[in-house]
Amino acid sequence: MGLSVSDFTIDNASGRAVRLDIQACFKALQGQNAESADSDMASSQCVAGMTFLNTTSKVLKVRNSSNGAFTEIGHIDQANLGLLSKAGGTMTGPLLIDDSSSASTPALSFDTDTDLGLFRKSANVMGFSSSGTEQMLFDANGLTLQAQNDLRFADSDSSHFVGFQAPATVSSSLTWTLPSADAAVSGYALVSDASGTLSWAAAGAGAQGGGSDEIFWENDQTVTQNYTITNGKNAGSFGPIAIQSGVTVTVGSGETWTVV
């Protein structure tokens, strides 16, 4: 049996009826208007600010300021009413934070450093800010360092680092794709096919000489790996040149390989 009443008005009646009416109102107040039901109390029973305990769901609620609905407070059989304590705890559902796109006041930040944190830059794009400025973003395309920021690799004690940085101006976005394996020959360098795909090839050392001389061009004498002359290019080597068994040098139409 519930403890709620239809209203808190004490009607004029006989002494016993008035006493029972007052007693019912006090019991309702004492028991937070407790009621075993699949739905909340009827609107005619409610006023703004009143509390209501649904003994079926064990959820304590409070009537909103417009007296239009109840707002849940929490589960009375759970510690802290099932709410996350200020001291922290375990959540069993998703954490939904403000979706403001402001880098200066990121939605997820710190009490003593409110301009450092994460924010929703746009749909499916996560922004990372420091000093109130967007420094990095993450989306379906990958991780992007903003404003010419460095990609740094620290040494063993993190006292120094090496890093990469984009040029100050890039006329067209470009991605370089790395080779799938290490070079088969020591001393090879990464070269591009002019379309962003990198591969391993012999490093061109340029002219050599004594002191500051740049006179002598040197090349290997045996081709040990398959090689294709770059489309639209010609190639030259100093001979004699031997091509190892099973190795192919491909010279396309309109291209030449000259051995002198």
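**Exercise 1.** State which element gives the most residues to the lining of the second largest pocket.

*Solution.* Step 1: the model is predicted, local features need pLDDT of at least 70, side-chain atom pairs count only at pLDDT 80 or more, and totals for chains, interfaces and linings use all residues. Residues are numbered from 1 along each chain as its sequence is written, and side-chain values use heavy atoms, without hydrogens and water.

Step 1: On a 1 Å grid over the protein atoms alone, a pocket is an open set of points where a 1.4 Å probe fits, with protein on both sides within 12 Å along at least five of seven lines; lining residues have an atom within 4 Å of a point. Strands are DSSP runs (E, at least two residues), numbered from the N terminus.

Step 2: β8 gives the most to this lining, with three residues.

**Exercise 2.** Find what lines the largest pocket.

*Solution.* Step 1: the largest pocket holds about 1400 Å³ of space.

Step 1: its lining has 38 residues, and Tyr188, Ala201, Ala202, Ala203 and Tyr227 lie nearest the centre.

Step 2: β12 is the element that gives the most here, with four residues.

Terms used
Points joined across faces, edges and corners; volume = space filled by probe spheres on them.
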